[in-house]
Structure formats: structure tokens, C-alpha cells
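Q: I would like a close look at one part of this protein. Please take me through it step by step.

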Amino acid sequence: MTFILTNDDGIDAPGIQALLKAVNDKVFIVAPQGQLSGCGHQVTTHIPIHVDRRSEFEYAIGGTPVDCVRVALTHICPQPKFVLSGINPGGNLGADIYISGTVAAVREAAMLGIPAIAISHWIKKPLAIDWDLATRWTSRVLAELLNLPPKPGSFWNVNLPHLQPGTPDPPIVFCPLSTQPLPVEYRIEGEYFYYVGEYGKRPRAPGTDVDVCFSGNIAVTEINL
């Protein structure tokens, strides 16, 4: 199999290296040159996109995650088995999928007919992400999802939980996407509004991806275009 790996945190982010370790096949890393978290489905059409070929399989793109997928599929690897995006440091649950550049990359791949999986890791402060553990859990998820028949017009959204060190490996739970809104709260100082919504206090309807992940499970959701 051949995979395209991308993200929205930049080609030098630890999450994409953790994802690379979870994949045991040929890969092309085609990722943004810098941090673009929260860019959504933004594309670059009116200015040139700089492409820095770092090695035979690594390309740093001066554009968005969606630009990365478009460049990869048109000029680097037209027929990959899968496009994988992540591992994002922070959850992409429920309404997050409309904000996330991580998810936008795989949405674009699905639009272009390529099976795709977005992988994110919820952060439960003050815990730090154990990237070796994230790699191990991602390997388990990929072993399951890559063996399922691809369904045109859809992609997978995966969210890893944040557990205390020494906790047994979490189960994989297939679940629906939450439709509840994110907390929208601001602190006002003069003419400036500072976002202060707390991610961990967002609504979590039972059985949805938010609830499943916050309960300590690996949440796997099929998203239809």
C-alpha cells in the first residue's frame, strides 16, 4: 500500500512523526511548512504555492492541508491507497470537524475519491501526550479500518482519549458525531475579545463521539460528505 500523510500542524510536528511510525507501508509526507491549526477547508488559488522537496518522500508545502492533498494527488502520488491526516494534538470531535484543517485534508481526499482517515488526540490538561502510546493506539485503529471495504463519499474521523499513565489500552468504539455546539464564551478587555470557552466542558450527549472519547475510549466516526 502507498499512503499520503499530512496534517495541519506542520511537517515538523511530532504528531506526523508518530503517524509515520504507525504505518508500515510506503508513504509520502506532504504537509504544510508551518502551523495552520484551525484553518478549516481553506485553499490557495490566487498566489503561488511553494513546494520544498526535502527528500524522496517528504514535501513541505507553503499552503494549507487541503492544498497539500491537492498537490499530492495531482503531482506526487495520484493513486494512494489512503490519505491519513494527523496525529493532531487536540481533539477534533463533533463540530470541530468544520474548523479543523486536519479533518479538512481527509474531507478533500474523500471528495476526490480517495479513502481517508483523520486522527486526533484529545488533550486533558495538565497531562502531556505520550506520542509512543499514540502511535501504538493508531496502529490498532489502522489495522481495523484499513481492512474495512472503502465506502465512497465518506471518511473516518478518529479521536484518541487522554488517559492517566499506566491505564490499560482503550477499546475502539464506533459512534455517531455529536451535533452539539462548542462553548462560545469571551472575556472582554476594552476593544478586545478573548475566547475563554473550555473544551473539556462542552456538551457530551451519551453515545456521541465527544462522550465516547471523554469517557476514555477511542472514538471512531464515519463522516458522510
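Which residues in α2 meet which residues in α3?

A: This is a predicted model. On the α2 side, the residues are Pro65, Val66, Val69 and Arg70. On the α3 side, they are Gly101, Ala104, Ala105, Glu108 and Ala109.

Start with how the two helices lie. Helix α2 covers residues 65-76, and helix α3 covers residues 101-111. Their axes come within 8 Å. They cross at roughly 30°. Angles under 35 degrees count as roughly parallel, so α2 is roughly parallel to α3. The crossing of α2 past α3 is right-handed. In general, the angle between the axes and the distance between them are what describe two packed helices.

Now look at how α2 sits in the fold. Nine of its twelve residues are buried, so α2 is largely enclosed by the rest of the structure. Those buried residues are Pro65, Val66, Asp67, Cys68, Val69, Val71, Ala72, Leu73 and Ile76. What do they pack against? Helix α3 is one of the partners. The others are strands: β1, β2, β3, β4 and β5. Strand β3 spans 51-53, and β4 spans 58-61.

The closest cysteine sulfur to that of Cys68 is in Cys39, 9.1 Å away. The cut-off for a disulfide is 2.5 Å, so the sulfur in Cys39 is too far for a bond. Across the model, the count is zero disulfides. Cys39, then, is in no disulfide. Cys39 is buried too, with a relative accessible area of 16%.

Next, the nonpolar cores. In soluble globular proteins, nonpolar side chains tend to be buried together. The largest nonpolar core here has 30 residues. Leu84, Ile117 and Val158 have the most contacts inside it. Several elements each supply at least two residues of this core, among them β1, β2, β5 and β6. Helix α1 and helix α4 are also on that list. With five residues, α4 gives the most. A second, separate core has 24 residues.

Strand β3, one of the partners of α2, holds Asp52. At 32% relative accessibility, Asp52 counts as partly exposed. Beyond residues up to four places away in sequence, Asp52 touches Gln33, Glu58, Tyr59 and Ala60.

For another helix pair, turn to α1 and α4. These helices pack at an angle of about 45°, with their axes 8 Å apart. That makes α1 oblique to α4. Their crossing is right-handed, and α2 also passes α3 in a right-handed crossing. From α1, the residues involved are Pro14, Gly15, Ala18, Leu19, Lys21 and Ala22. They meet Trp131, Asp132, Thr135, Thr138, Ser139 and Leu142 in α4.

Ala18 lies in helix α1. Ala18 is buried, with a relative accessible area of 3%. Not counting residues up to four places away in sequence, Ala18 touches Ile87, Trp131 and Thr135.

Ile87 is in strand β5, another partner of the buried residues of α2. A cis peptide bond joins Gly86 and Ile87, with omega at about -10°. Most peptide bonds are trans. A cis bond also joins Lys125 and Pro126, with omega at about 10°. Pro126 sits in the loop between β6 and α4.

Methods:
Residues numbered from 1 in each chain as written. Predicted model: local features only at pLDDT ≥ 70, side-chain atom pairs only at ≥ 80, totals over all residues. Heavy atoms only, no water. Buried < 20%, exposed > 50% of the residue type's maximum accessible area, 1.4 Å probe, protein only. Core = buried A, V, L, I, M, F, W, Y, C linked by side-chain atoms within 4.5 Å. Helix = DSSP H or I, 4+ residues; strand = E, 2+ residues; numbered from the N terminus. Axes fitted to C-alpha atoms, helices over the stretch in contact; angles between N-to-C directions. Parallel < 35°, antiparallel > 145°, perpendicular 65-115°, else oblique. Left-handed = near helix turned anticlockwise from the far one by under 90°. Contact = heavy atoms within 4.5 Å.
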